[in-house]
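Let's take a walk through this one together.

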Amino acid sequence: KDDVYKNIMPNLIRRSKNAKIFKPMLIGNSETFPSWVEIATGTYSINNGVRTMYPPKSTKTGEKSTLYNDAIQNGYSTLFISDFAGNIFKRYPFGADEINTPDSNLSTLLENLIITLISPLQSLLIFPKLQSLLPSIHQSPEISDPRLVAALFAKSLSNFSRLRKPVFVTTFFSTSQFPYAAPAPWYARFQKKFNKDQIICK
């Protein structure tokens, strides 16, 4: 396989010689929370008890045997970065030295409800400087911005680089899991006009 991809991704192939390669894993539950727990623990939902987005407290208490705890024991720092769907990382003992994800609580839910109901406000909040004024925007699926996650990733990784130890980073761009329309002008690449400017997908 290395020969097939060496011209496409030479740096990744070179680094893979010093990496641990995981066998492909098919998750048994498509929901965000259960699927991440399955990946981290190597056990299916039916065995670890996390079967929904709101599992019982008993399944989330105590230290768990996870990929991330193994990394910590081998000298790594573990860092989680995400936007709205990443709040799950604060709700389960995955094994994290730092978690940079939004909180999911009554306050952020109410703020996002207001944002959702006021369309002009959504339009204004697409500007990065305005987004910084309202941190709960990170918890909004409707106007989530992957650039915010990328910027947070760069900032967090820069902070961890001072520790002089390897870092296990998990970055989750939540936007990709929802079938929302792409913003202008990119959506137009997949559409065409016909019959009095009506639009259909190609």
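Predicted model: local features only at pLDDT ≥ 70, side-chain atom pairs only at ≥ 80, totals over all residues.

Start with helix α6, where the buried residues are Thr108, Asn112 and Ile115. Here, buried means under 20% relative accessible area, exposed means over 50%, and partly exposed is anything in between (1.4 Å probe, protein chains only). These three cover an arc of only 55° around the axis, so they sit on the same side of α6; the arc is taken from the directions that run from the helix axis to the C-beta atoms.

Residues are numbered from 1 along each chain as its sequence is written, and side-chain values use heavy atoms, with hydrogens and water left out.

Now for the rings. The structure holds ten aromatic pairs. Rings of Phe, Tyr and Trp (its six-membered ring) pair if their centres lie within 6.5 Å; planes under 30 degrees apart are stacked, over 60 edge-to-face, and the rest tilted. Here are two of the pairs:

| Pair | Centre to centre | Angle between planes | Kind |
|---|---|---|---|
| Trp36 and Phe89 | 5.2 Å | 75° | edge-to-face |
| Tyr68 and Phe94 | 6.4 Å | 85° | edge-to-face |

Where do Trp36 and Phe89 lie? Trp36 is in helix α3 (residues 32-41) and Phe89 in the loop between β1 (77-82) and β2 (98-100), so this pair ties together parts 53 residues apart in sequence. Helices (H or I, at least four residues) and strands (E, at least two) are DSSP runs, numbered from the N terminus. Both Trp36 and Phe89 are buried.

The other pair also links distant parts of the chain, with Tyr68 in helix α5 (residues 67-73) and Phe94 in the loop between β1 and β2, 26 residues apart. Tyr68 counts as buried at 3% relative accessibility, and Phe94 is buried too, at 1%.

Finally, there's one salt bridge, meaning a side-chain nitrogen of Lys or Arg within 4 Å of a carboxyl oxygen of Asp or Glu. Lys90 and Asp103 make it, at 2.8 Å from N to O. Lys90 lies in the loop between β1 and β2 and Asp103 in the loop between β2 and α6, so the bridge ties together parts 13 residues apart in sequence. Lys90 is partly exposed at 36%, and so is Asp103 at 42%.
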